[in-house]
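This report describes one protein chain for a reader who is new to structures. Please look at the sequence and the model first, then read the sections in order.

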Amino acid sequence: MRHYTKILFVCTILAGLFSCEDDELDFSVKKPESVAVLEYLNQYAPLKSYVDYAASPNFHLGAGANLTEYIGKGPMHRLVNRNFDNITIGYEMKHGPVVQDDGSLDMGNIVTLIETAQAAGIHIYGHTLCWHSNQNATYLNSLIAAKVIPAEPVETELIADGDFEAGTVTGWGGWGNDTPPSVSAQGEGYEGGYALRLQNTAPKNPWEVQAIYEPNPSFAVGETCYLSFWIRGDVEGDISFVAQDMVNYTADNFGTVNVSTGWQYIEKEAMITEDDRTALLINYGNYVGTVYIDNISLIQNISPAGTALN
């Protein structure tokens, strides 16, 4: 008996549900007043249909719009496409959003705008190239920032009378043997004339026989010096050239020269790494014989500070 009572209860509920199927629900929402007062606009044809393009072929009916709203293809997109034949973007085509801090152009949104407008048959009227605001100040200020124009290096000759045509070896000294640096006989120099004459009679370590020249002005730290000369010897051998600290005996090396019995032109260079390099030394203790050096030049390039232009 209990089972029959449960079945009767379920059937009663189902009957009640199905009995409501044909009943209509009374549900209504009042139209917003802001929508109702504008419904009269739907009575009009699209704005561009009122333009007599035959009579005014150069007339363009355009609208200003937000780029993001238009390419989003929402109400703004539909409104412009229905009523206008031309569009001008309010901000996104100005200098500020397009020009980046480094001067490059970000045209991504503009390309999308063009593609969207072309698909709808809408023309785009480009924005101003220059506006009273919305400029990328970071980039523009970088164009007028002070620029430094590097000055041309100043060449300074550190050796006086390097052709020895005065018949003297002014400024040259040396030690290590009984024959200090001297001027050669006339006609023994390169293409005649005079030359610096270095003679050594007994083999020693290279640094035990030296010729020395202390330039004025002296070497400048951080600069490159360029050494050039003509050289020959009465025998073959090696000599070397250095810019030296005469207190601690550290040096920047120009390198070794292989001396031959015929005249040869030599070019060497060295970066001056310390500010106490005060002398040009020629080491020839291991050369036994006589060396002639002519037209010796020691050029130092000094790079002065550049000029700042505003």
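## The chain as a whole

Of the 310 residues in the chain, 31% are buried. Here, buried means under 20% relative accessible area, exposed means over 50%, and partly exposed is in between, with a 1.4 Å probe and protein chains only. The model is a predicted one, in which local features need pLDDT of at least 70 and side-chain atom pairs count only at pLDDT 80 or more, while totals for chains, interfaces and linings use all residues. Residues are numbered from 1 along each chain as its sequence is written, and side-chain values use heavy atoms, with hydrogens and water left out.

The chain has seven helices and 16 strands. These are DSSP runs numbered from the N terminus: helices are H or I with at least four residues, and strands are E with at least two. A contact means heavy atoms within 4.5 Å. Among contacts between residues at least 6 apart in sequence, 76% join residues at least 24 apart. The accessible surface of the chain is about 19500 Å², and 55% of this surface belongs to carbon and sulfur atoms. Such areas come from the Shrake-Rupley method with a 1.4 Å probe; for residues, only the protein chains shown count as cover.

## An open sheet

Five strands form an open sheet in the order E6-E9-E14-E11-E12, and their pairing is antiparallel. Two strands pair if DSSP finds at least two bridges between them. The edges are strand E6 (172–175) and E12, each of which pairs on one side only. From one strand to the next, the twist averages 20°. For such angles, axes are lines fitted to C-alpha atoms, for helices over the stretch in contact, and the angles run from 0 to 180 degrees between N-to-C directions.

E6 and strand E9 (residues 210–213) run antiparallel and are joined by four bridges. In this pairing, tryptophan 175 stands opposite glutamine 210 in E9.

## Helix H4 and its cover

Which residues of helix H4 are buried? In this helix (residues 75–83), they are His77, Val80, Asn81 and Asn83. The cover over the buried residues of H4 includes strand E1 (62–65), helix H3 (67–71), strand E2 (86–89) and helix H6 (108–120).

## Salt bridges

Side chains of opposite charge can pair when their charged atoms come close. A salt bridge is counted when a side-chain nitrogen of Lys or Arg is within 4 Å of a carboxyl oxygen of Asp or Glu. This rule gives three salt bridges. One of them joins glutamate 39 to lysine 31, at 2.5 Å from N to O. Glutamate 39 is partly exposed at 35% relative accessibility, and lysine 31 is partly exposed with a relative accessible area of 43%.

Another salt bridge links aspartate 252 and arginine 277, at 3.0 Å from N to O. Aspartate 252 lies in strand E12 (residues 251–259), and arginine 277 lies in the loop between strand E13 (264–271) and strand E14 (279–283), so the pair ties together parts that are 25 residues apart in sequence. Both aspartate 252 and arginine 277 are buried. Arginine 277 also meets aspartate 276 in a salt bridge, at 3.2 Å from N to O. Aspartate 276 is partly exposed at 26% relative accessibility, whereas arginine 277 is buried at 4%. Through shared partners, the salt bridges join Asp252, Asp276 and Arg277 into one network.

## A nonpolar surface patch

Val37, Leu38, Tyr40, Leu41, Tyr44, Leu47 and Tyr50 make a nonpolar surface patch of about 720 Å². Patches are made of residues with over 30% relative accessible area and no salt bridge; like charges are joined within 9 Å, and nonpolar side chains (Val, Leu, Ile, Met, Phe, Trp, Tyr) within 5 Å. Tyrosine 44 is in the loop between helix H2 (33–36) and E1. This tyrosine 44 is partly exposed, at 47% relative accessibility.

## Backbone details in loops

The peptide bond from asparagine 216 to proline 217 is cis, with omega near 10°. Proline 217 is in the loop between E9 and strand E10 (224–233).

Glutamate 191 is not a glycine, but has a positive phi of about 60°. This residue, glutamate 191, lies in the loop between strand E7 (182–183) and strand E8 (196–200), and glutamate 191 is exposed with a relative accessible area of 72%. Tyrosine 249, also a residue other than glycine, has a positive phi near 65°. Tyrosine 249 is in the loop between strand E11 (237–244) and E12, and tyrosine 249 is exposed with a relative accessible area of 60%.
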